[in-house]
Amino acid sequence: QVHLVESGGGLVQAGDSLTLSCAASTRTFSNYVVGWFRQAPGEEREFVGGISESGLSRTFADSVNGRFAISRNNEKNMVYLQMNNLKPEDTAIYFCAAGDNGFSRLSSKYNYWGQGTQVTVSS
């Protein structure tokens, strides 16, 4: 069992930056791929980006590519999502997820999920 907790969400203005954190409660954190997903009201959950077990490989959705970055610190069981040049379209609840089935853009491939943190971007 892996417990995940997101933090760092809030209300920001368009063009601002914000960094989200994901804390994991497992001694084998380096065995898990971590993905970030978001869900806006009335919309399906959307893949944002993911990072490999070692942290050497990263993948992003086209909508955030070039603006967002992901990093991880396996010694601290932490993953970070750095969001730059935020847009109103980025407004959503952001979730981190962990999986042991390798990287995927599909939410169904991840076994463990945090409760989410709200990010609101005003224009």
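**View 1. Asparagine 85 sits in the loop between strands E8 and E9 (92-99).** Strands here are DSSP runs of at least two residues, marked E, while helices (H or I) need at least four, and both are numbered from the N terminus. This is a predicted model, so local features need pLDDT of at least 70 and side-chain atom pairs count only at pLDDT 80 or more, while totals for chains, interfaces and linings use all residues. Residues are numbered from 1 along each chain as its sequence is written, and side-chain values use heavy atoms, with hydrogens and water left out. Asparagine 85 has a phi near 45°, a positive value in a residue other than glycine. Most residues other than glycine have a negative phi. Asparagine 85 counts as partly exposed because its relative accessibility is 43% (buried means under 20% relative accessible area, exposed over 50%, partly exposed in between, with a 1.4 Å probe and protein chains only).

**View 2. Asparagine 77 is in the loop between strand E7 (68-73) and strand E8 (78-83).** Here too phi is positive in a residue other than glycine, near 55° for asparagine 77. With a relative accessible area of 16%, asparagine 77 is buried.

**View 3. Leucine 18 belongs to strand E3 (residues 18-24).** Its relative accessible area is 16%, so leucine 18 is buried. Look for leucine 86: leucine 18 and leucine 86 are 68 residues apart in sequence, yet 8.0 Å apart in space, C-alpha to C-alpha. Leaving aside neighbours within four places in sequence, the residues in contact with leucine 18 include Gly8, Val12, Met83, Leu86 and Val119 (contact means heavy atoms within 4.5 Å).

**View 4. Phe37, Phe47, Phe95, Phe103, Tyr110 and Trp113 form one aromatic cluster.** The structure holds seven aromatic pairs (rings of Phe, Tyr and Trp, the last by its six-membered ring, pair if their centres lie within 6.5 Å; planes under 30 degrees apart count as stacked, over 60 as edge-to-face and the rest as tilted). One of them is the tilted pair of phenylalanine 37 and tryptophan 113, at 5.0 Å centre to centre and 50° between the planes. Phenylalanine 37 lies in strand E4 (residues 33-39) and tryptophan 113 in strand E10 (residues 112-113), so this pair ties together parts that are 76 residues apart in sequence. Tyrosine 110 also pairs with tryptophan 113, edge-to-face, at 6.4 Å and 70°.

**View 5. The charged end of arginine 45 sits over the ring of phenylalanine 95, 4.2 Å from its centre.** Sitting over a ring means that NZ of Lys or CZ of Arg is within 6 Å of the ring centre and within 35 degrees of the ring normal. Arginine 72 does this with phenylalanine 29, at 4.5 Å from the ring centre.
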